[in-house]
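Work through the exercises below with the sequence and the 3D view open. Try each task before reading its solution.

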Amino acid sequence: MAPMKRGRQLKGIKMRGMNAATGKPLDGIDHLRQSIVDILSTRKGTRVMRRDYGSDVPNLVDRPVNDELPVDIYVAVAEALAAWEPRLVLREASMTAMGDGAIEFALTGDYLPDGQTLTLTGIYVR
């Protein structure tokens with residue numbers, strides 16, 4: 001399946017899914033958060049039948065820290081969310097290295113189903 005195109009109108013459309021931890025229904029911002037974590041923590045090439053799904057973030061997390069690393073991570077986040085999360089138009093991202101190969105992201109963008117600008121904090125990728 002190809003990535004979703006950005007031009008789709010999502011105002012008023014609700015996506016519903018399942019909480020990965022509890023199996024209970026999940027929608028709205030909580031579903032968006034779970035989806036973003038899944039996209040950013042899934043290494044490209046690891047999903048059968050969806051080889052392009054995911055991001056390059058897992059490949060970058062353990063790389064030596066230098067001046068290029070933050071830029072490479074920001075690019076990987078922006079590309080992955082643009083390709084796989086049609087509900088969010090990313091405007092800004094910040095990150096904090098948590099040690100042990102984990103990164104915490106704060107993402108700000110336009111949430112298209114209701115048109116609001118939101119900031120999601122505590123997005124952890126290992």
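**Exercise 1: the nonpolar core**

Of the 25 residues in the largest nonpolar core, I36, L40, V57, V77, L81 and F105 touch the most other members. Such a core is a set of buried Ala, Val, Leu, Ile, Met, Phe, Trp, Tyr and Cys residues joined through side-chain atoms within 4.5 Å. Buried means under 20% relative accessible area, exposed over 50%, and partly exposed in between (1.4 Å probe, protein chains only).

This is a predicted model: local features need pLDDT of at least 70, side-chain atom pairs count only at pLDDT 80 or more, and totals for chains, interfaces and linings use all residues. Residues are numbered from 1 along each chain as its sequence is written, and side-chain values use heavy atoms, with hydrogens and water left out.

Task: find which elements give two or more residues to this core.

Solution. 
- Step 1. The elements are α1 (28-41), α2 (57-60), α3, β4 and β5 (116-125). Helices (H or I, at least four residues) and strands (E, at least two) are DSSP runs, numbered from the N terminus.
- Step 2. α3 gives the most, with 8 residues.
- Step 3. Now take F105. Leaving out residues up to four places away in sequence, its contacts include L40, V57, I73, V77, L120 and I123. Contact means heavy atoms within 4.5 Å.

**Exercise 2: a salt bridge between strands**

Task: state which parts of the chain the D110 and R91 pair ties together.

Solution. 
- Step 1. The side chains of D110 and R91 form a salt bridge at 2.6 Å, N to O. The criterion is a side-chain nitrogen of Lys or Arg within 4 Å of a carboxyl oxygen of Asp or Glu.
- Step 2. D110 lies in strand β4 and R91 in strand β3, so the pair ties together parts that are 19 residues apart in sequence.
- Step 3. D110 is buried at 18%, while R91 is exposed at 55%.

**Exercise 3: two further pairs**

Solution. 
- Step 1. R47 and D38 meet in a salt bridge at 3.1 Å, N to O.
- Step 2. R47 is partly exposed, at 29% relative accessibility. D38 is partly exposed too, at 28%.
- Step 3. Compare K44 and D56, whose side chains meet at 3.7 Å, N to O. K44 and D56 both sit in the loop between α1 and α2, 12 residues apart.
- Step 4. A search of the whole structure finds 5 salt bridges.
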